[in-house]
Amino acid sequence: MIPYLDLKKINQPYEEIIPAISQKILESGWYILGKEVENFEKNFAEYCGTKYAVGVGNGLDALILIFKAYIALGKLKKGDKILVPANTYIASILAIMIAGLKPKLVDTNLQNYNLDLDSVKNSIDCETKGILAVHLYGQITDGKNLRKFADENGILLIEDAAQAHGAKDQDKKAGAIGHAAGFSFYPGKNLGCIGDGGAVTTDDPELAKCIAALRNYGSAKKYHNTYKGMNSRLDEIQAAILNEKLKNLDTDNARRRATAKRFITEINNEKIILPDWDFSENHNFHIFAIRVKNRSDFQNYLSEKGIQTIIHYPIPPHRQEAMKEFSLLDFPITEMIHKDIISLPCHQMLANEEISFIINVINNY
Ligand SMILES: *Cc1c(COP(=O)(O)O)cnc(C)c1O
C-alpha cells in the first residue's frame, strides 16, 4: 500500500535529533516560552520575510488571535464582516466566528479553488472590514492583487497560510502578503511538529506585541494583564523541533513540486482534471488535488491497486451541521469542487517508483 501520508517516514530523518532536543530541554528545566520559541520566532519571521513571528498553540488559534488583536487595538470591532472563501477548511470560518466577527462566505474560482479579486469586489459592502484569503492546498493565487485592493479600500487582508509554508507569490512568501497571517504546524502540514503548534507572522509591531500578550493571558509582564487573553503558547520542545525542520522546508517543498510536475506532465487521462499550476513556486503542494466524476469509483479503483487517497474535503462548511445558519446559501462552484475533488499522495518521501506507479495506474483508469 502507498499511504496518502507517511508521517513516520517524514520524521525518520529526525529520529536522532528529536530525542536529543527533548533531553536537552528536559534538563534545562524551562518548558514554555523560552529561548527555543524566541529562536524559532526569529527564524520563521526571517524565512517568511516578515519583521515578526509569534509562536502560538495551533493554526486555529493563530487566526483567532489575529482577529482578537485587531479588535483589542481598535482596528476591527465585534460584528464587522470578514470575507472568507466558502471553499475552505472549517477552521478559517470558525476563527472569524470565535473572535466575534461575522464571516461572509464567497464562492471560489473553479480554476484554482481559491478566492479571486473579481468575486471579492462583487461581495464587498461597507460593513466588510477584512478579507481572510486561504492559500488552499498550498497555492497562492492573486495574493498581490488582493493586497493592493485591500490597501486601496482601507480593509485588512489576513492570510490563512496553514497549508502554504514556503509558497511564494513572485517575491513574497506566504505570511508576508497580507497584513497578518496564521500558520499551523499540525504534524501533517509541510512544516509540522510532533504535536500541535502555530504562528502568526506580520510586519506590524503593535499587532505582534498584542498577540504575544494575548496568547499568554493578555499579559506582557508577569501577572500584569493588559487584555483579556487566552492560553495558546508554543512549547519549547515543539519550537526546537520546528527550528530543525525549518532548515529542510525548501528542499521538502521542491521535492513535492517535482512530484507534482511529474503528475501534471505524465498523467494523460481525460477523466482527470489536474491542478492549474504554472510550475512556479506559488504552490507547495501540501495537497495534490485532482477532480474526477464518479469519485468513489475512482477512489475504489486506486485503493484496489494499493494507492491510498484522501478527500479534502467531503462536505463544504456551509453544509455542515455546525453551520446551520448557512444552510440556505448556495455556492455552486464550492459544492462541485467538494463533490469531485480527491487528493493523491504527494509527500516528500515518495519514491520515484511509487510516483511512476501512481501515474501508470491513473493512466489505465
Ligand atoms: C490545518 C488548517 C488550519 C488549522 O490548523 P490547526 O493547527 O489544526 O488548528 C486552518 N486552516 C487551514 C486551511 C488548515 O488547513
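Predicted model: local features only at pLDDT ≥ 70, side-chain atom pairs only at ≥ 80, totals over all residues.
Visitor: Which residues make the contact?

Guide: From H2 come Ile-17, Ile-18, Ile-21, Ser-22 and Ile-25, and from H9 come Glu-236, Ile-237, Ala-240, Ile-241 and Glu-244. Sorted by type, that's seven nonpolar, one polar and two charged.

Visitor: What makes H9 "mostly covered"?

Guide: A residue is buried when its relative accessible area is under 20%, and nine of the eleven residues in H9 are buried. Among them are Glu-236, Gln-238, Asn-243 and Lys-245, along with Ala-239 and Leu-246. The buried residues of H9 pack against H1 (7-11), H2, H3 (35-48) and H10 (249-266).

Visitor: How do you know that H4 and H8 are roughly perpendicular to each other?

Guide: H4 (residues 59-72) and H8 (residues 205-214) pack at about 115°, with axes 9 Å apart. Roughly perpendicular covers 65 to 115 degrees, so the pair gets that name. H4 passes H8 in a right-handed crossing.

Visitor: What is the contact of H4 with H8 made of?

Guide: H4 brings Leu-65, Ile-66, Lys-68, Ala-69, Tyr-70 and Ala-72, while H8 brings Leu-207, Cys-210, Ile-211 and Leu-214. They divide into nine nonpolar, no polar and one charged.

Visitor: On to the strands. In what order do the seven strands of the open sheet come?

Guide: The order is E1-E9-E8-E5-E4-E2-E3, with mixed pairing.

Visitor: Why are E1 and E3 said to stand at the edges?

Guide: E1 (52-56) and E3 (102-106) each have a single partner strand, so one side of each is left without a neighbour in the sheet. From one strand to the next, the twist averages 25°.

Visitor: How do you know that E5 and E8 pair?

Guide: Pairing takes at least two bridges, and three bridges join E5 (residues 156-160) to E8 (residues 180-184), which run parallel. In one of these strands, E8, you'll find Ala-180 as the bridge partner of Ile-158. Also on this sheet is H7 (residues 143-152), which touches E4 (128-134) and E5; its direction makes about 150° with that of E5.

Visitor: What is the order of the open sheet of three strands?

Guide: That one runs E12-E13-E14, with antiparallel pairing. E12 (272-273) and E14 are its edge strands, each pairing on one side only. H12 (residues 332-340) packs on the sheet and touches E13 and E14, its direction making about 45° with that of E14.

Visitor: How many bridges pair E13 with E14?

Guide: E13 (residues 288-292) and E14 pair over four bridges, in the antiparallel sense. Phe-288 stands opposite Leu-344, and Ile-290 stands opposite Ile-342.

Visitor: What makes both faces of E14 "covered"?

Guide: Side chains in a regular strand alternate between the two faces of the sheet. In E14 (residues 341-344), Ile-341 and Ser-343 lie on one side, Ile-342 and Leu-344 on the other, and all are buried.

Technical notes: Residues numbered from 1 in each chain as written. Heavy atoms only, no water. Contact = heavy atoms within 4.5 Å. Helix = DSSP H or I, 4+ residues; strand = E, 2+ residues; numbered from the N terminus. Nonpolar A, V, L, I, M, F, W, Y, C, P; charged D, E, K, R; others polar. Buried < 20%, exposed > 50% of the residue type's maximum accessible area, 1.4 Å probe, protein only. Axes fitted to C-alpha atoms, helices over the stretch in contact; angles between N-to-C directions. Parallel < 35°, antiparallel > 145°, perpendicular 65-115°, else oblique. Left-handed = near helix turned anticlockwise from the far one by under 90°.
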